[in-house]
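Subject: Structure handover

Dear colleague,

Please find the structure below. My notes on strand pairing and helix packing follow.

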Amino acid sequence: MIGYGICVGPGNLFERICLPGIERVRTPGSPVFTMRNQRSLFSAYNAMFDQAAANSDITGLVMLHDDVELRKNPAEVAQPVFEDDSVGMLGSVGGSDTVSLAWWNEKETRRGRVTDYDKVHDYGSDRYEVHAVDDVILCVNRWTIENIRFPEGHYRGFEGLGVILATLVRAAGKRVIVQDLQDVMHHNDGRGFNGLKDWRHNELRWQREFFELSTLERLGNHLERLTIPTIPLRLAARRLAVRAAGRAHEVSDGETGDPVIDELVGGWYRRCKRLRGRMLV
């Protein structure tokens, strides 16, 4: 039996969008685990894994954002994938050769399919092995539920979980797969990131743990971590510069819903490219 896990944010997205979809498609008796009033997606998912592990009838979990509408049951895709014991995780979209939490910048390796509120992200509907997945919706099997946890205190907030979880699964010797999860609708109306400071903290921590860094690069990583509190000021300065240049009308052509944030994340990604080929898993 595959259950469902949701970290429920403020507002009514879960009751209005997510829960009706789950109730429409789930097998009767499949449990729904909800975590509310959370400060971290990482600790919320650890808690859901703990709850699921305590139920011996659960063979897997579908973990989804509270603004995701299910129109068919992703468990129907996950069950045959998880018959392969070498697989630990399944997502809808993802990529490989990942050096940044902004996995989508690896444009040549993007795979999978998901529908956003205004467009379809279609990089192929077949089954693909990847290094990273987007955490908008992902599935884990019983092995991952029992054996994988985010290290306490290493990661914070709500950004980058799919990439980091995929890395933990691969580091433990299991494969990560993406496949079209049957008409998933992500009602993300351009709200963007929940926390850019947490994003950068998590990316730097992930790189320290899973990439081969020289002594100088490790020092640089720690020094950059000290500058994270200045990110809001840097964003404010960029917004002023954009307005002064008469570019305030520009819209995002990236994944964050905000052209200024896209520019900052894109700059981080370009610097991360120096890590190409040095991932330890």
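Strand 5 (residues 87–91) and strand 11 (residues 137–141) run antiparallel and are joined by 3 bridges; two strands pair if DSSP finds at least two bridges between them. Leucine 90 stands opposite cysteine 139 of strand 11. Helices (H or I, at least four residues) and strands (E, at least two) are DSSP runs, numbered from the N terminus.

Before the rest, the basis. This is a predicted model, in which local features need pLDDT of at least 70 and side-chain atom pairs count only at pLDDT 80 or more, while totals for chains, interfaces and linings use all residues. Residues are numbered from 1 along each chain as its sequence is written, and side-chain values use heavy atoms, with hydrogens and water left out.

Strand 11 and its sheet

Strand 11 is also joined to strand 3 (residues 60–64), by 5 bridges and again antiparallel. Here cysteine 139 is the bridge partner of valine 62. In a regular strand the side chains alternate between the two faces of the sheet. For strand 11, Ile137, Cys139 and Asn141 lie on one side and Leu138 and Val140 on the other, and all are buried (under 20% relative accessible area, with exposed over 50% and partly exposed in between; 1.4 Å probe, protein chains only). With 5 of its 5 residues buried, strand 11 is largely enclosed by the rest of the structure.

The sheet is open and mixed, with 7 strands in the order 2-1-3-11-5-12-9. Strand 2 (32–36) and strand 9 (128–130) are at the edges with a single partner strand each, so one side of each has no neighbour in the sheet. From one strand to the next the twist averages 25°; angles run from 0 to 180 degrees between N-to-C directions, and axes are lines fitted to C-alpha atoms, for helices over the stretch in contact.

Helix 1 (residues 13–25) lies across strand 1, strand 2 and strand 3, at about 175° to strand 1.

Pairing of strand 7

Strand 7 (residues 111–116) pairs antiparallel with strand 6 (residues 93–95) over 2 bridges, and arginine 111 is the bridge partner of glycine 94. Strand 7 also pairs antiparallel with strand 8 (residues 120–122), over 3 bridges; arginine 113 is partnered there by aspartate 122. With strand 13 (residues 184–186) the pairing of strand 7 is parallel, over 2 bridges, and aspartate 116 stands opposite histidine 186.

Helix packing

Helix 5 (residues 161–171) packs on helix 6 (residues 196–210) at about 15°, with the axes 11 Å apart. The two helices are therefore roughly parallel (under 35 degrees; over 145 is roughly antiparallel, 65 to 115 roughly perpendicular and the rest oblique). Their contact (heavy atoms within 4.5 Å) involves Val163, Ile164, Thr167, Leu168 and Ala171 of helix 5 and Asn202, Trp206 and Phe210 of helix 6.

Helix 8 (residues 231–244) and helix 9 (residues 259–272) pack at about 120°, with axes 10 Å apart, which makes helix 8 oblique to helix 9. Ile231, Arg234, Leu235, Arg238, Arg239 and Val242 of helix 8 meet Val260, Ile261, Glu263, Leu264 and Trp268 of helix 9.

Regards
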